Amino acid sequence: MAGLTHPSLVVLSGAGLSAESGVATFRGSDGLWEGHRIEDVATPEAFKKQPEIVQRFYNLRRAGLKTVEPNAAHQALVKLEREWPGPFLHITQNVDDLNERAGATKLLHMHGELKKVRCVWCRSVLPWETDLETSTPCPECAKPGKLRPDIVWFGEMPYYIDEIMRALETVDVFLCIGTSGLVYPAAGFVRLAAEHRCARLIEVNLEATGISGQFTEQRLGPATVEVPRLVQDLLAAEF
C-alpha cells in the first residue's frame, strides 16, 4: 500500500451489524426463525409449494423494521463512508434498511431488500412498505399472484457480483463485520481480497468464525462498541 494517497476500502456486513438493533437473525443455534426452517421460507421451492407461508414470513419481517432503529455501528460506518478519503464500498448481506436510515449511500444489498418486491412475470422491482398477499396484482403488469419479496433465496445468485468482484480486485482495506463466515460467496470475499494487494483484512465479530484465520486483524466484541472504535482508528491512521 506504500505510495497510495487514497487507499480503497470495502466493508462487508452481516447480521451481527443489525442484531443489536433488535433485528432477528436467520442463523441461531437451531437454524430457525419464527419457528420456520430456512428451507421452508427462503428458497424458490418453498415459494412455489407454500406461498402463503413465505409471504407471511416476510410480511412479519418487513413490519418488524418499524420497531427498530440504526445503532452506533451503522452510524459509525456512515461516518467512515463520508470521511474516508479514497474509494469506499459497503456490501451488506442484510435485507433491512437500517444502513440507509443511518445515511448510507455507497451501499450494495447483495441479498436483496425487505422493502422491495419483484414481479416474476414482468421482472419489475418495486418499493414496498405494506403486506404482500399471494393475490396482490403487480402494479406494473397487473398480473395477480406474481409478486415475491425481492430477496435472494438459497439457490439463487446474489446481486451485484460483478461490481463486488471488481471492488475486491483493488481493495486496500477490507472490513468484515458481523458475518457468520458460513454463507458463500460472501464467506470467500476475504480470500479474494487477500489474493490481490489488500494489506489489511479486519474482522469484527462477537466471536471467532470459521474464516477468522484468514484475517490479519481481529476485534472481538459487540458491533456497537468495536465498529465505532475501529472507524476512529482508521480515520486517524496515516496510509
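Reader: Which residue stands opposite Arg200 in E10?

Author: Val173 does. Keep in mind that this is a predicted model.

Reader: How do strands of a sheet pair?

Author: The general idea comes first. Strands pair through backbone hydrogen bonds, and the pairing is either parallel or antiparallel. Now the case here. Strand E9 (residues 173–177) pairs with E10 in the parallel sense, over five bridges. Another partner to find is that of Ile177: in E10 it is Val204.

Reader: What is the order of the strands in the sheet of six?

Author: The order is E5-E4-E1-E9-E10-E11. This sheet is open, and its pairing is parallel. Strand E5 (107–109) and strand E11 (217–220) stand at the edges. Each has a single partner strand, so one side of each has no neighbour in the sheet. On average, neighbouring strands of this sheet are turned by 15° against each other, direction ignored.

Reader: Which helices pack on this sheet?

Author: Take H5. H5 touches strand E1 (9–13), strand E4 (88–92) and E9. The direction of H5 makes about 150° with that of E4. Now take H9. H9 packs on the sheet too, touching E1, E9, E10 and E11. The direction of H9 makes about 155° with that of E10.

Reader: How are two packed helices described?

Author: Two values do it: the angle between the axes and the distance between the axes. Here, helix H5 (residues 72–83) and helix H9 (residues 223–236) have axes that come within 8 Å and cross at roughly 15°. Angles under 35 degrees count as roughly parallel. H5 and H9 are therefore roughly parallel to each other. The crossing of H5 past H9 is left-handed.

Reader: Which residues make the contact between H5 and H9?

Author: From H5 come Ala72, Ala73, Ala76, Leu77, Lys79, Leu80 and Glu83. From H9 come Ala223, Thr224, Val227, Pro228, Val231, Leu234 and Leu235. Sort them by class: eleven are nonpolar, one is polar and two are charged.

Reader: Is E10 mostly covered or uncovered?

Author: E10 is mostly covered, with six of its six residues buried. Look at where they point. Arg200, Ile202 and Val204 point one way from E10. Leu201, Glu203 and Asn205 point the other way. All of these are buried.

Reader: Where is Arg197 found?

Author: Arg197 lies in the loop between helix H8 (189–195) and strand E10 (200–205). Buried means under 20% relative accessible area, and exposed means over 50%. Arg197 has 42% relative accessibility, so it counts as partly exposed. Now try a distance. Arg197 and Leu175 are 22 residues apart along the chain, and their C-alpha atoms are separated by 14 Å.

Reader: What is the order of the open sheet of three strands?

Author: The order is E7-E6-E8, and the pairing is antiparallel. Strand E7 (125–127) and strand E8 (147–151) are the edge strands, and each pairs on one side only. From one strand to the next, the twist averages 45°.

Reader: How many bridges join E6 and E8?

Author: Strand E6 (residues 112–119) pairs with E8 over four bridges, in the antiparallel sense.

How values were computed
Residues are numbered from 1 along each chain as its sequence is written. This is a predicted model: local features need pLDDT of at least 70, side-chain atom pairs count only at pLDDT 80 or more; totals for chains, interfaces and linings use all residues. Side-chain values use heavy atoms; hydrogens and water are left out. Helices (H or I, at least four residues) and strands (E, at least two) are DSSP runs, numbered from the N terminus. Buried means under 20% relative accessible area, exposed over 50%, partly exposed in between (1.4 Å probe, protein chains only). Axes are lines fitted to C-alpha atoms, for helices over the stretch in contact, and angles run from 0 to 180 degrees between N-to-C directions. Angles under 35 degrees count as roughly parallel, over 145 as roughly antiparallel, 65 to 115 as roughly perpendicular and the rest as oblique. A crossing is left-handed if the near helix is turned anticlockwise from the far one by less than a right angle, and right-handed if clockwise. Contact means heavy atoms within 4.5 Å. Ala, Val, Leu, Ile, Met, Phe, Trp, Tyr, Cys and Pro count as nonpolar, Asp, Glu, Lys and Arg as charged, and the others, Gly among them, as polar. Two strands pair if DSSP finds at least two bridges between them.
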